[in-house]
Amino acid sequence: MTLKRETLLVQTGNDREEPRGAVNTPIYLSAPFRHGDIGLLNGYDYIRTGNPTRDVLEDSIAKLEKGDRGFACSSGMSAIQLALSLFKSGDHIIATRDLYGGSYRIFEWFSAKYHLEFSYWNQDKGSINELVQKNTKAIFIETPTNPLMTETDLRFAADVAAKHQLLLIVDNTFYTPLIQRPIELGADVVIHSATKYLGGHNDVLAGLVVSGDHELSSRLFESQNTSGAVLAPFDCWLLIRGMKTLALRMKQHEENAKKVHSFLTAHPLVDKVYFPGQGGMVSFEISNESLVSPFLKKLKLFTFAESLGGVESLITYPATQTHADIPQKTRESYGLSNRLLRISVGIEHADDLVDDLKQAFDQVQSEVLVPSEDKKGGSHIEFIR
Ligand SMILES: *Cc1c(COP(=O)(O)O)cnc(C)c1O
């Protein structure tokens, strides 16, 4: 019987031969596992190498992404670091230009410290081939991108990768395997910041990697077991628990995001809205930079905080938060301005979310915009750390 993804998610961990019949996955808080004799193990040896709770999670994500093997990492960044461990000094990687700020930071860091080379691609189909060099080894894609929500045609990217014998690595954090399955479209490695939608409750830091074939699985396993950035059993359990409701949550995130998108598109204080039509993330440009701080302060439901994908709605200011490590000039060159706000639409009632945005805009309109028009040039941001 091939189970649908919704069923796989809910049933995660319930089909194992748990000796005491526990329906919910037990948390195996044991670092070592007893050896029966020299060389005789009961499946487990030492917690870094393998743990039964982690196995449940890793099997689950591998099945959902239709990959060969899953790897649970201590964060999304350690998942990216694990993928980067497939390369060596002198290798060249092409990455999407619009990118999570932390990914940009680790790329720049690896380039300065370990001589991995990076080129940034503007996602224009016509320009990728000219970025390929003799030493190019991989294409790293975030789709949709964070925070400008540009989608990349993964089949096209997979064709380019195949033509030049490159690995295709995809950060699937925003869409999750419910919306997009990169391995089915030709990717070799999938990455998740599971801190976001997969965990879904803003209570756990975690990353996942899925390999597309056995050879990559062995290399990733060796690397992770050697470097040690695995996810602890309790965090694996929290993630499993969160993932069980992923399908329901994603439906609501998307439904709400569509309503927030319609509202923002029609609002006079909004210049531009970025929403790919699926998923729960919406970015928009407010009409004037000086409105950013007052607008954030007037919101009552949306929390001004730096993450996404949880049940609670969050709003982020990429320029000083998630993308502060990308130089302003670089950011602005591709459209990430100081007027951009990013919303992670939660699963509250959509009407309440729209009402909150509306009352914040109304207050900004009457209290800030009108008086400051008299003062002139009152642009300031109070949030810069
Ligand atoms: C948050 C995020 C990461 C980093 O994940 P952490 O779990 O915070 O380490 C990587 N990629 C994307 C797209 C993200 O949103």
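**Ligand shell and sheet arrangement**

In this predicted model, the shell around the ligand is made up of 7 nonpolar, 6 polar and 3 charged residues. In total, 16 residues surround the ligand, and the closest are Gly76, Asp171, Ser193, Thr195 and Lys196. Helix 3, which spans residues 76–84, contributes 3 residues to this shell, the most of any element.

For Thr195, a polar side-chain atom lies 2.6 Å from an oxygen atom of the ligand. A polar side-chain atom of Ser193 is found 2.8 Å from a ligand oxygen atom. In the case of Lys196, an N or O atom of the side chain is 2.8 Å from an oxygen atom of the ligand. The ligand taken alone exposes 380 Å², of which the protein buries 93%.

Seven strands form an open sheet in the order 3-9-8-7-6-4-5, and the pairing is mixed. Strand 3 (69–73) and strand 5 (117–121) are the edge strands; each has a single partner strand, so one side of each is left without a neighbour in the sheet. From one strand to the next, the twist averages 20°. Within this sheet, strand 6 (residues 136–142) and strand 7 (residues 167–171) run parallel and are joined by 5 bridges. One of the residue pairs involved is Ile139 with its bridge partner Leu168 in strand 7.

Helix 3, already noted for its part in the ligand shell, lies across strand 3, strand 4 (92–96), strand 5, strand 6, strand 7, strand 8 and strand 9, and runs at about 160° to strand 8. Helix 2 (residues 52–64) lies across strand 3, strand 8 (189–193) and strand 9 (207–211). The direction of helix 2 makes about 125° with that of strand 3.

A further open sheet consists of 5 strands in the order 10-11-14-13-12, again with mixed pairing. Strand 10 (270–274) and strand 12 (303–304) are the edge strands, each pairing on one side only. Helix 9 (residues 246–266) packs on this sheet, where it touches strand 10, strand 11 (281–286) and strand 14 (340–344). The direction of helix 9 makes about 155° with that of strand 10. Phe304 has Ile315 of strand 13 as its bridge partner.

Most peptide bonds are trans, and most residues other than glycine have a negative phi. A cis peptide bond is present between Thr143 and Pro144, with omega about -5°. Another cis peptide bond joins Asn146 to Pro147, where omega is about 10°. Pro144 is placed in the loop between strand 6 and helix 5 (154–163), and Pro147 also lies in the loop between strand 6 and helix 5. His115, a residue other than glycine, has a positive phi, near 55°. The position of His115 is in the loop that lies between helix 4 (101–114) and strand 5, and strand 5 is one of the edge strands of the sheet.

Key:
Residues numbered from 1 in each chain as written. Predicted model: local features only at pLDDT ≥ 70, side-chain atom pairs only at ≥ 80, totals over all residues. Heavy atoms only, no water. Pairing = 2+ DSSP bridges. Helix = DSSP H or I, 4+ residues; strand = E, 2+ residues; numbered from the N terminus. Contact = heavy atoms within 4.5 Å. Axes fitted to C-alpha atoms, helices over the stretch in contact; angles between N-to-C directions. Near = heavy atom within 4 Å. Polar contact = N/O pair within 3.5 Å; in protein donor to acceptor, adjacent residues only side chain to side chain. Areas by Shrake-Rupley, 256 points an atom, 1.4 Å probe, with all protein chains shown as cover. Nonpolar A, V, L, I, M, F, W, Y, C, P; charged D, E, K, R; others polar.
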